[in-house]
Structures are given as structure tokens and as C-alpha cells.
Amino acid sequence: MGHKTILSLAGIYLVIFIDSLGASLIIPMLTPIAHDPDIGLMASGTEQYRNIMYGVALGAFSLAMFFGSPLLGSLSDSLGRKKTLLICLAGLAASYSLMTFAIMLKSVWLFIGGRLVGGFFSGSLPVAQAAIIDVTEPDHRARFIGYIMFAVSLGYVIGPLVGGWLSNPDIADGFSLTTPFVFVAILSVINLLALMLAFKDRGGTRPDRVPYQNPVRTLADAFRSDSARTCCILLLFMLVGWNTFFQFIGLFVTLERNFDPQTVSHLVAWAGFGLAVSFLVLVGLALKYMKPANMVSLALFLMALCIGGALFVSHPYAQYALAIIGACGFGLSYSGLMARLSASVDADRQGSIMGLAAAIAAFSAGFSAFSFGAMANISPGAPLAAALACVVLALLLSCRPSLDPAATLQSQP
């Protein structure tokens, strides 16, 4: 493998890393952004309004990703991977610049606009994966595709730390809530320039117009297939539960446990560490000794233990341990459900079924933020209780043998 290919791959993995970095960076910062009247966006406003805006800021990102990912995927086939990735990076730089100015100007709606722009251009993972396939040899392709989840997990480890540390003025003079956004905007521009110089498309382009895949229709299709319906329902409940926990744990421990932003950033970073361990080590080990269906049930139990325990423990170290357990459970359940979902359809429908899974993932993140943000007005723990209910329901469904999608497929004529 030549040095140009290595540089190209490094740039592509950096795009993936920046995506997950930006998605997790906001978690320890969003509570002071929404709730601190001195340094946040709102100098005044009721607690109920602030909780709603907290959820809207989270949901706007996922909603925009839900609609942007199919368009970016289509653009990558027609314009080429390089141009599409450059567009993504330019959009991310613009997003973080908008959020920087929004905090400086104390403009809530400019901040929401920045989140929408960031979400729309953060759906670059399928494009980056296709680019990796383009530039690697078939014999080494699986290994380099496997590194994608490591880049994603690394972003979820480092993102919260960047958000918590760079926004803390006690660490260095000049640090504020805008510093992490400026950092990621600069990182996006550097990556854009590196890709522009080092990356060359090898997959070619298609001058014909590639139709836009309607994500709403794609999501609806997930529940029309008899063989895949049950697995899609399980995936939806599991993702809604985990996304709700991940999005609102920072709010809960800040308001109920009096954690400072740095402690919240460490909590979310430990969850990212759990994801990395799960995807890199535990999934392979579990699949050697367990069937995917049994692995999913065990993993959902671990997630329920994490979310339920988080509602009752108060010590930061206990929260860190629970976050690792829950993240490991998420990695195992997600991988197991992907295996079951893949087994629910024939070989010629693998691409479409993975597209359905991506649509469910994007929808679940937006749904949890918009739906459960208002629940925080009842109690900061209410979103976590809803997350626990979703995971427990998924656990109960996963324990029913009749709901095995592979069995459903085998019974079909």
C-alpha cells in the first residue's frame, strides 16, 4: 500500500472521527448552554422552556441527519466520494462556526440552525465507507472497514473530553463554551485541505442523476417486511432507549447529582470507551460462544442494568462503571441485531436492509430527543425512566423464540 493511499485512508477515518466527535462533544456542554443564564444561550426563561430547547437542540441534529444521509449517499455516486466528503467537511465547519456565533450572540435559533446544518452534513459514514472500499485492495478491505467502528468509538471517547475540557475556563485563560466548536471547525478545515491534496477518487462518478432515497418511505418499508419486522421493532426500541440515556444522562447527573461539566464529560467518555471495547473485543468473543439471539438478550439486560442503576446511584465512579456496562451492552446488542437483521432477508437484499437499519438509527435519535425532552419538565430522571422502559420492552420481546427473524425466513416458502 502506497503512502498516498495511507494518507487518503487517514483523511477518511478523520472524517468519521470528526462526525462522532461532534455528536458526543455536545453532551457535557449542552446543560450549561441551555441552563446557565450567565454563559449559556438564554439569560432568562423558565426551566420548562430550557428543557424543551435542550431536547430540540439534540433532536435537530438527528432529524437533519435522517434526511441528509440518503442525499449524501446519492451525491457520492454521482459527484464522487471526494467531492461529497469535501462538501460534508465544509458543512461541518460552517455548522460549528454558526454555533460559535450563536453562543456569542446568545441566539437560540442560530444555535438550532447550526445543529441542523451539522446534522445534515454529518451523514458521511456511508460515503466514507464507500471511499474506503474504493481505495483498498479486496484482500485487506474487511480489516480497513473494521477500523471504521474504532474511529467512531474513538470519537465518542475523545468528544466529551474535548467538550468538557476546552469549555472550562479554569483549565486555561480564554477557554469558554465556544472553544470546542472553534476547535472542531478548524479540525474540519484542516481535514478538508488534507483530503483535497491527498485523496483521489478511484470509484469513478456517475453523470446520470441518482434518485434521492426518501428516508420516511425507507423507514416505513422496514415494517412492511414480515421477516424483518420483528427485528426492526427490537432495533427501534433498543436504539430509542440507548439514545435517550446517552442524550439525557448529562442533564440528569447535572441537575440531580450536581456533577460539573468535566465530570459529565468523563462519564460520557467512559461510555465511549465501553463502545470501543465492545466493538473491538467483546462482540467477536461473544459470537464464538453464543447465538446472536442469546447475545442480544444478555446485552439488553446489561443496558437495563446500566440505565436503572444510573437512576439510583450518586457516586461518579459508580456512574462511570454503569456507563461502561451499558455501552458494552449496546455494542453487543447492536451487533447481534445486525446479524439477526441480515439473516432475515436473502443475499440480494443485504444492501437495502442495512439502509433500513440506518434509517431506524437516525429516526430513533431524533425521536428520543424531541419526545423525551419535554419529559424532563416532570423530572430530570423521567427521560431515563422512559429509556429503561424501552430497553426492558425490547428485552421481553427478544426472549420470545417465535420472534426470531431467521426462523421466520426459514418458514417462508
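**Exercise 1. Placing Ser333**

Which helix does Ser333 lie in? Then decide: is Ser333 buried or exposed?

*Solution.* This is a predicted model. Start with the helix: Ser333 belongs to α12, which covers residues 316-343. Next, take the accessibility. The relative accessible area of Ser333 is 0%. Buried means under 20%. Ser333 is therefore buried. Last, list the partners. Leaving out residues up to four places away in sequence, Ser333 touches Met238, Val296, Ala299, Leu300 and Met303.

**Exercise 2. The chain as a whole**

Find how many helices and strands the chain has. Then find what percentage of its residues count as buried.

*Solution.* Count the elements: there are 15 helices and zero strands. Now turn to burial. The chain has 413 residues, and 53% of them count as buried. Finish with the contacts. Take those between residues at least 6 apart in sequence; 82% of them join residues at least 24 apart.

**Exercise 3. The nonpolar cores**

Identify the residues with the most contacts inside the largest nonpolar core. Then trace the contacts of Phe181.

*Solution.* The largest nonpolar core holds 104 residues. Ile33, Phe111, Phe181 and Phe245 have the most contacts inside it. Which helix gives the most to this core? Helix α9, residues 226-257, does, with 16 residues. Another core, of five residues, lies apart from it; Val283, Ala286, Met295 and Leu332 are among them.

Now follow Phe181. Set aside its neighbours within four places in sequence. Phe181 is then in contact with Leu25, Ile26, Met29 and Ile33, as well as Tyr96, Met99, Thr100, Ile103 and Phe111.

**Exercise 4. Helices α3 and α4**

Work out how α3 and α4 are oriented to each other, and which residues make their contact.

*Solution.* Begin with the axes. Those of α3 (residues 81-105) and α4 (residues 108-120) come within 8 Å and cross at roughly 165°. Angles over 145 degrees count as roughly antiparallel. So α3 is roughly antiparallel to α4. The crossing of α3 and α4 is left-handed.

Next come the residues. Helix α3 brings Gly91, Leu92, Ser95, Leu98, Met99, Phe101, Ala102, Ile103 and Leu105. Helix α4 brings Leu110, Phe111, Gly114, Arg115, Val117 and Gly118. By class, this contact has ten nonpolar, four polar and one charged residues.

**Exercise 5. A closer look at Gly114**

Is Gly114 buried or exposed? What does Gly114 touch?

*Solution.* Gly114 sits in helix α4. Its relative accessibility is 0%, so Gly114 counts as buried. Beyond residues up to four places away in sequence, Gly114 touches Ser95, Leu98 and Met99. Gly114 and Ala102 are twelve residues apart along the chain, and their C-alpha atoms are separated by 8.2 Å.

Key. Residues are numbered from 1 along each chain as its sequence is written. This is a predicted model: local features need pLDDT of at least 70, side-chain atom pairs count only at pLDDT 80 or more; totals for chains, interfaces and linings use all residues. Side-chain values use heavy atoms; hydrogens and water are left out. A nonpolar core is a set of buried Ala, Val, Leu, Ile, Met, Phe, Trp, Tyr and Cys residues joined through side-chain atoms within 4.5 Å. Buried means under 20% relative accessible area, exposed over 50%, partly exposed in between (1.4 Å probe, protein chains only). Helices (H or I, at least four residues) and strands (E, at least two) are DSSP runs, numbered from the N terminus. Contact means heavy atoms within 4.5 Å. Axes are lines fitted to C-alpha atoms, for helices over the stretch in contact, and angles run from 0 to 180 degrees between N-to-C directions. Angles under 35 degrees count as roughly parallel, over 145 as roughly antiparallel, 65 to 115 as roughly perpendicular and the rest as oblique. A crossing is left-handed if the near helix is turned anticlockwise from the far one by less than a right angle, and right-handed if clockwise. Ala, Val, Leu, Ile, Met, Phe, Trp, Tyr, Cys and Pro count as nonpolar, Asp, Glu, Lys and Arg as charged, and the others, Gly among them, as polar.
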